[in-house]
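Here are my notes on the model you sent over.

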Amino acid sequence: MLAAAAVCLVACGGKQGGAPDFSDNEFPVETVGASSASSQTTYPATIKGVQDVEIRPKASGFITRINVHEGQSVGAGQVLFVIDNETFQAAVRQAQAAVNQCQATINTAEAQLNTAKLQYDNSVQLHANGVIGDFELTSAKNAYTSAQAQVNQTKAALAQAQASLASAKENLSFCYVKSPASGVVGSLPYKVGALVSAQSQPALTTVSNNSQMEVFFSMTEKDVLEMTKSAGGINAAVSAYPPVNLKLADGTTYPHQGKVVKMSGVIDASTGSVSMIARFPNPERLLKSGGSGSIVVPRVNSTAIVIPQACVSEVQNKKFVYVMSPDKKVKYTEITVSPQNDGVNYVVTSGLNVGDKYVTNGLTKLNDGMEIVPITPAQYQKKIEESGKIGTDGTAKGFVDAMTGDKK
């Protein structure tokens, strides 16, 4: 009989919320209060530099020199690659010769213009004194006008030649592929001698500005709507977003916190999510463009409702507690909880309000609508100890001792 009773007690004690079989109807009741609760939400993330620039040549040709190596830090304007430029240099020399020729033609034309002006001025004086007639004066004037037109024509030719020279020099400069921004050089898929062009795939390299890194992650449409409604708009929501942490691929936490700076204004129809961008400082150059990790968003709720998991029963993935009404009858009430928990307590998101009273122990003896006698959890624990049915060590030994009269 003793063995059977012990087995029965152990079996009952294994149920969630089990309690000793008191002869009265007393159950411990706790009042719901607000407390501070912290949690965190994790989102998969992709790491990119603040500025990732693909380097492509404007000129087509063979690579004759590579001035950098993978992982090298470069500055804006630094020459990264040199492309065969003999043809472009010849074009520059030819354009320069055309400019020189036009300049010489202008010098000759201006000298002729000066002579024609002197002759015209002299003819004007002679005509005024009656030495020459109208024909001679008109001829001198026409010669002067023609010389002026010749000078203007040669100046136009010079301007055209100078434009051709500038174009030739620009084409030559395209052979010297420079970095448009400061950053770190990525992979170098091409070697000296490779034929490249603006359409070459992949690009010559990528220069990533990694002084700061942008971490891309996505939030659900529901979360974004809730956040923007409570904050009063997208800009206000981004400004009020708490600092975030970054968990790296090896499981460690990045030592610097980041700040959300951008939110996409368009919802991805295929995923139903919104892209977010958090910016992190990278003084140690630990973060690399193209890396992966997880954004961790800490959240603190100072008015959270926190209850022990032991007073919650679960049926078909739904959670319930017994709430006591003012007439001291219990109601089997469904609650929802945050998916984030510490393994001991639940943060209740709906189903309970501050001031409600719920039963903390003895759930297996309760039925919906049952009237109880509420006591405090401390009174309940004292009653357990005084009953002698369960030892203070939590085993059935106290019950067996009580049955046999062996009390130590």
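1. First, the term for the charged pairs: a salt bridge here is a side-chain nitrogen of Lys or Arg within 4 Å of a carboxyl oxygen of Asp or Glu. By that rule, Glu 54 pairs with Arg 56, with the closest N and O atoms 3.1 Å apart. Arg 56 is partly exposed, at 28% relative accessibility; the cut-offs are under 20% relative accessible area for buried, over 50% for exposed, and partly exposed in between (1.4 Å probe, protein chains only).

2. A word on ground rules. This is a predicted model, so local features need pLDDT of at least 70 and side-chain atom pairs count only at pLDDT 80 or more, while totals for chains, interfaces and linings use all residues. Residues are numbered from 1 along each chain as its sequence is written, and side-chain values use heavy atoms, with hydrogens and water left out.

3. How many salt bridges turn up in the whole structure? The search finds six. One of them joins Lys 383 to Glu 26, with 2.5 Å between the closest N and O atoms. That pair links distant parts of the chain, 357 residues apart: Lys 383 sits in helix H6 (residues 377-387) and Glu 26 in strand S1 (residues 26-31). For the element names, helices (H or I, at least four residues) and strands (E, at least two) are DSSP runs, numbered from the N terminus. Glu 26 is partly exposed, with a relative accessible area of 25%.

4. Is Lys 319 buried or exposed? Its relative accessible area is 15%, so Lys 319 counts as buried. Its salt-bridge partner is Glu 314, at 3.8 Å between the closest N and O atoms, and Glu 314 is partly exposed at 46% relative accessibility. Separately, salt bridges with shared partners tie Glu 214, Lys 262 and Arg 279 into one network.

5. What surrounds Lys 319? Leaving out residues up to four places away in sequence, Lys 319 touches Val 312, Ser 313, Glu 314, Thr 333, Glu 334, Ile 335, Val 337 and Tyr 346. Contact means heavy atoms within 4.5 Å.

6. On to the rings. Rings of Phe, Tyr and Trp (its six-membered ring) pair if their centres lie within 6.5 Å; planes under 30 degrees apart count as stacked, over 60 as edge-to-face and the rest as tilted. That rule gives five aromatic pairs. Among them, Tyr 120 and Tyr 144 are stacked, at 5.8 Å centre to centre with 5° between the planes. Tyr 120 belongs to helix H2 (residues 86-128) and Tyr 144 to helix H3 (residues 134-173), so this pair ties together parts 24 residues apart in sequence. Tyr 144 is buried, at 17% relative accessibility.

7. Tyr 254 and Phe 280 make an edge-to-face pair, because their ring centres are 6.1 Å apart and their planes meet at 75°. Tyr 254 is in the loop between strand S10 (245-248) and strand S11 (259-263), and Phe 280 is in strand S12 (residues 273-281), so the pair bridges parts 26 residues apart in sequence. Both Tyr 254 and Phe 280 are buried. Elsewhere, ring pairs link Phe 320, Tyr 322 and Tyr 332 into a cluster.

8. There is also a charge over a ring, which requires NZ of Lys or CZ of Arg within 6 Å of the ring centre and within 35 degrees of the ring normal. Lys 48 lies over the face of Phe 216, 5.3 Å from the ring centre.

9. Back to H2. Buried residues in H2 include Val 92, Ala 95, Val 99, Cys 102, Ile 106 and Leu 113, and H3 is part of what covers the buried residues of H2. After H2 comes Gly 130, with a positive phi near 80°.

10. Cysteines next. A disulfide is a pair of cysteine sulfur atoms within 2.5 Å, and the whole structure has zero of them. Cys 102 is buried at 14% relative accessible area, and Cys 175 is buried at 0%.

11. Last, Ser 197. This serine is in the loop between strand S8 (195-196) and strand S9 (205-220), and its 18% relative accessibility counts as buried. Leaving aside neighbours within four places in sequence, Ser 197 is in contact with Pro 57, Ala 59 and Ser 60.
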